Amino acid sequence: MRIIRTALFAPGINTKVMGKAVASPVDAVLFDLEDSVALDSKAQARQLVREAITELHLSTREDKPYVMVRTNAMDTGMLEEDIAQIAVPGLDMVFIPKAEQPEHMKQIEQQLLSLEKERGINPIAIGLQIESAIGVYNCYNIIKASARVQLTSLGTAQDGDLQNDLGCGWSVDGPEMLYARSKVLLDSKAAGNVISIDGVFADLNDEEGLMTESKMSASLGYVGRTIIHPKQISIVEQAYGISQATLEYYQLIVKEFEIAEQKGIAAITINNKLVDYAMYRQAKRLTANSK
């Protein structure tokens with residue numbers, strides 16, 4: 001799947017906000033049926049989200065964002081109906097909150113397969129929102145339970161479900177959740193090179209904090225994060241992106257190494273640094289992710 005640096009949440013009950021999210025320059029829109037929707041509004045939100053997906057799908061836009069929908073969690077009893085209502089052409093991924101058990105992914109996969117055959121729609125991917133200690137512990141096995149799992153996102157928000165479950169503190173520098181961040185990222189890569197994005201940064205007025213935490217997250221290997229407002233887009237893109245100077249350096253590595261390789265040479269120096277196949281592969285990955 002495409003690299004997602006910015007995935008913008010939009011309450012499924014608010015058509016105005018969903019419209020603004022779709023119009024924003026983000027990689028993905030994330031229509032929400034879970035925490036931002038009151039219990040007595042769930043049915044209405046499903047219908048509104050379904051209509052928003054269909055409208056975007058039928059539009060002539062060439063730069064359409066990736067379309068994700070956060071459903072309700074498995075233990076609410078609402079997940080099956082969520083999927084039944086929003087599995088329409090134009091939906092790219094169901095984003096499952098509080099993902100904890102591998103067998104749940106198998107159930108979701110079977111429902112998606114059935115709906116896809118019945119409705120003649122393209123395969124829908126699964127994304128995991130890891131928000132509990134058991135979810136972090138089981139992450140690798142949850143991913144391996146279905147080949148449809150293509151993305152993981154750790155719930156790192158201040159005062160969020162994961163912090164509550166762990167009983168830990170929270171800070172912008174993030175040592176309290178360093179193990180959880182590292183494990184989910186490692187499990188995602190080990191299970192099949194699944195894309196990992198970080199969770200939301202809830203303080204809209206703390207741009208410095210957002211930049212600091214995002215740079216820390218990016219240094220670990222996360223490629224982006226979920227966001228809650230368009231004002232966070234540019235900061236997140238900058239933090240998870242690659243500078244022009246760094247990009248040009250890695251482009252030079254690719255170019256010079258491929259020239260050397262054609263001559264039967266697999267170890268060269270660039271700017272007094274050794275470059276072999278390992279460094280070449282890293283350069284190829286980073287230049288590809290920058291596109």
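Visitor: What classes of residue make up the lining of the second largest pocket?
Guide: That lining splits into 7 nonpolar, 6 polar and 4 charged residues. Bear in mind that this is a predicted model.

Visitor: How big is the volume of that second largest pocket?
Guide: About 260 Å³. Of the 17 residues lining the second largest pocket, Asp-35, Arg-70, Gln-129, Ala-157 and Val-200 are the closest to its centre.

Visitor: OK, and how much space lies in the largest pocket?
Guide: Roughly the figure you'd want to note down is about 580 Å³. It has 24 lining residues, and the ones closest to the centre are Tyr-222, Val-223, Arg-285, Leu-286 and Asn-289.

Visitor: Which helices supply at least two residues of that lining?
Guide: Helix 9 (207-220), helix 10 (233-240), helix 11 and helix 12 (277-289) each do. By class, the lining of the largest pocket has 11 nonpolar, 9 polar and 4 charged residues.

Visitor: Let's stay with helix 11. Is Tyr-250 buried or exposed?
Guide: Tyr-250, which sits in helix 11 (residues 244-262), has a relative accessible area of 18%. The cut-off for buried is under 20%, so Tyr-250 counts as buried.

Visitor: What does Tyr-250 touch?
Guide: Leaving out residues up to four places away in sequence, Tyr-250 touches Ile-242, Ala-283, Leu-286 and Thr-287.

Visitor: Switching topic: how many residues has helix 2?
Guide: Helix 2 (residues 42-58) has 17 residues. From first C-alpha to last, helix 2 reaches 24 Å, close to the 24 Å expected at 1.5 Å a residue.

Visitor: Which residues of helix 2 are buried?
Guide: Lys-42, Ala-45, Arg-46, Leu-48, Val-49, Ala-52, Ile-53 and Leu-56. An α-helix has 3.6 residues a turn, so residues three or four places apart point the same way.

Visitor: What covers those buried residues?
Guide: The cover includes helix 1 (15-23), strand 2 (28-32), strand 3 (66-70) and helix 3 (79-86).

Visitor: Now the loops. Where is Ser-146?
Guide: Ser-146 is in the loop between helix 6 (139-144) and strand 6 (149-154). Ser-146 is buried, with a relative accessible area of 4%.

Visitor: What does Ser-146 touch, and what lies 3.1 Å from its side chain?
Guide: Not counting residues up to four places away in sequence, Ser-146 touches Met-105, Glu-109 and Ile-126. The 3.1 Å distance runs from a polar atom of the Ser-146 side chain to the backbone nitrogen of Arg-148.

Visitor: Last one: what is phi of Lys-98, and of Asp-159?
Guide: Phi of Lys-98 is near 50°, positive in a residue other than glycine. Phi of Asp-159 is near 65°, also a positive value in a non-glycine residue.

Visitor: Where are they?
Guide: Lys-98 is in the loop between strand 4 (93-96) and helix 4 (102-119), and Lys-98 counts as partly exposed at 26% relative accessibility. Asp-159 is in the loop between strand 6 and helix 7 (161-166), and Asp-159 counts as exposed at 64%.

Notes
Residues are numbered from 1 along each chain as its sequence is written. This is a predicted model: local features need pLDDT of at least 70, side-chain atom pairs count only at pLDDT 80 or more; totals for chains, interfaces and linings use all residues. Side-chain values use heavy atoms; hydrogens and water are left out. Helices (H or I, at least four residues) and strands (E, at least two) are DSSP runs, numbered from the N terminus. Buried means under 20% relative accessible area, exposed over 50%, partly exposed in between (1.4 Å probe, protein chains only). Contact means heavy atoms within 4.5 Å. The expected span of a helix is 1.5 Å times one less than its number of residues. A polar contact is a pair of N or O atoms within 3.5 Å; within protein, one must be able to donate a hydrogen and the other to accept it, and residues adjacent in sequence count only if both atoms are side-chain atoms. On a 1 Å grid over the protein atoms alone, a cavity is a set of points where a 1.4 Å probe fits but cannot get out, and a pocket is an open set with protein on both sides within 12 Å along at least five of seven lines; lining residues have an atom within 4 Å of a point. Grid points are joined across faces, edges and corners, and a volume is the space filled by probe spheres set on the points. Ala, Val, Leu, Ile, Met, Phe, Trp, Tyr, Cys and Pro count as nonpolar, Asp, Glu, Lys and Arg as charged, and the others, Gly among them, as polar.
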